[in-house]
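Here are my notes on the model, as numbered points. Please read them with the structure open.

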Amino acid sequence: MQRLIDGYARFRAKVYPQHSKLFERLAKGQQPQALFICCSDSRVMPEMMMQCDPGDLFPCRNAGNLVPPATETNSGVAATVEYAIRVLKVADVVVCGHSDCGAMKAILEKEQLESLPIVRSWLEHAGPSSKWLTRTLKGATSMTFEERLQAVTEANVIAQMQNLKTHPAVDEALKKGTIGLHGWMYDIASGNIRRFDPQLGAFCALLADGPSSAPVEAKQELKIA
Ligand SMILES: [Zn+2]
């Protein structure tokens with residue numbers, strides 16, 4: 001806990017004073033660019049990955065970056081999606097999976113969930129396609145566990161993009177052409193992001209000329225470094 005309190009002390013003493021105008025402006029409202037649905041995993045930090053300031057992203061995080069149907073309101077995901085699109089009018093929605101995802105590992109190895117009934121129930125939202133894929137991959141003896149995990153994680157991103165389309169606010173905005181829907185995969189070790197290309201039916205590099213050529217700007221202290 002002391003590490004967190006020390007961090008807050010640094011924020012109050014150094015970061016906040018340098019950006020007080022931004023915070024004063026944000027106190028009056030927000031206009032985030034995107035709804036960013038990703039895993040709760042501590043190693044996935046969308047604001048750091050996208051180099052965003054407060055107010056830029058509207059995050060929705062849960063185990064496995066899942067999007068239950070609109071009728072399932074207990075998780076809060078449906079409410080977050082509806083609010084982001086109808087009230088905040090975000091221009092884009094991103095579903096971002098990641099490497100070494102504990103939720104996806106648990107889907108592959110159901111026995112891990114014996115003592116986790118709530119997690120098991122939550123992961124049902126990964127949907128029937130994940131069950132089918134998991135069963136199919138069990139017979140794929142030529143694939144390593146990491147390869148099967150990547151396949152299930154990528155399939156889950158695509159399945160959750162489909163689930164999103166069943167939400168009335170998303171369906172409406174897609175028909176009007178007011179939002180873009182994106183499926184991404186983040187690799188923790190390399191920092192690479194790949195995007196799902198629906199035309200190719202494959203995940204491709206997010207940056208056309210490779211992640212190593214990402215523009216590197218001098219970042220202000222506010223940014224998570
Ligand atoms: Zn995860």
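1. Disulfides come to a count of 0, where a disulfide is a pair of cysteine sulfur atoms within 2.5 Å. Cysteine 204 is in no disulfide; its nearest cysteine sulfur, that of cysteine 96, is 15 Å away.

2. Some ground rules. This is a predicted model: local features need pLDDT of at least 70, and side-chain atom pairs count only at pLDDT 80 or more, while totals for chains, interfaces and linings use all residues. Residues are numbered from 1 along each chain as its sequence is written, and side-chain values use heavy atoms, without hydrogens and water.

3. Now the metal. Which protein donors does the zinc ion have? They are Cys39 (SG), His98 (NE2) and Cys101 (SG), at 2.1 to 2.3 Å. Donors here are N, O and S atoms within 2.8 Å of the metal (3.2 Å for Na, K and Ca); water is not among the atoms, so sites may look incomplete. Along the chain the spacing reads C-x58-H-x2-C. Cysteine 39 sits in strand S1 (residues 34-39) and histidine 98 in strand S3 (residues 92-98), a link across 59 residues. Helices (H or I, at least four residues) and strands (E, at least two) are DSSP runs, numbered from the N terminus.

4. Histidine 98 is buried at 1%, and cysteine 101 is buried at 1%. Buried means under 20% relative accessible area, exposed over 50%, partly exposed in between (1.4 Å probe, protein chains only).

5. Aromatic pairs number 6. Rings of Phe, Tyr and Trp (its six-membered ring) pair if their centres lie within 6.5 Å; planes under 30 degrees apart are stacked, over 60 edge-to-face, the rest tilted. Phenylalanine 36 and tryptophan 184 have ring centres 6.0 Å apart and planes at 75°, so they are edge-to-face. Phenylalanine 36 is in strand S1 and tryptophan 184 in strand S4 (residues 180-186), so the pair ties together parts 148 residues apart in sequence. Phenylalanine 36 is buried at 1%; tryptophan 184 is buried at 12%.

6. A tilted pair joins phenylalanine 58 and tyrosine 83, with 6.2 Å centre to centre and 35° between planes. Phenylalanine 58 belongs to strand S2 (residues 57-62) and tyrosine 83 to helix H4 (residues 77-87), 25 residues apart.

7. One aromatic cluster is formed by Phe11, Tyr16 and Phe23.
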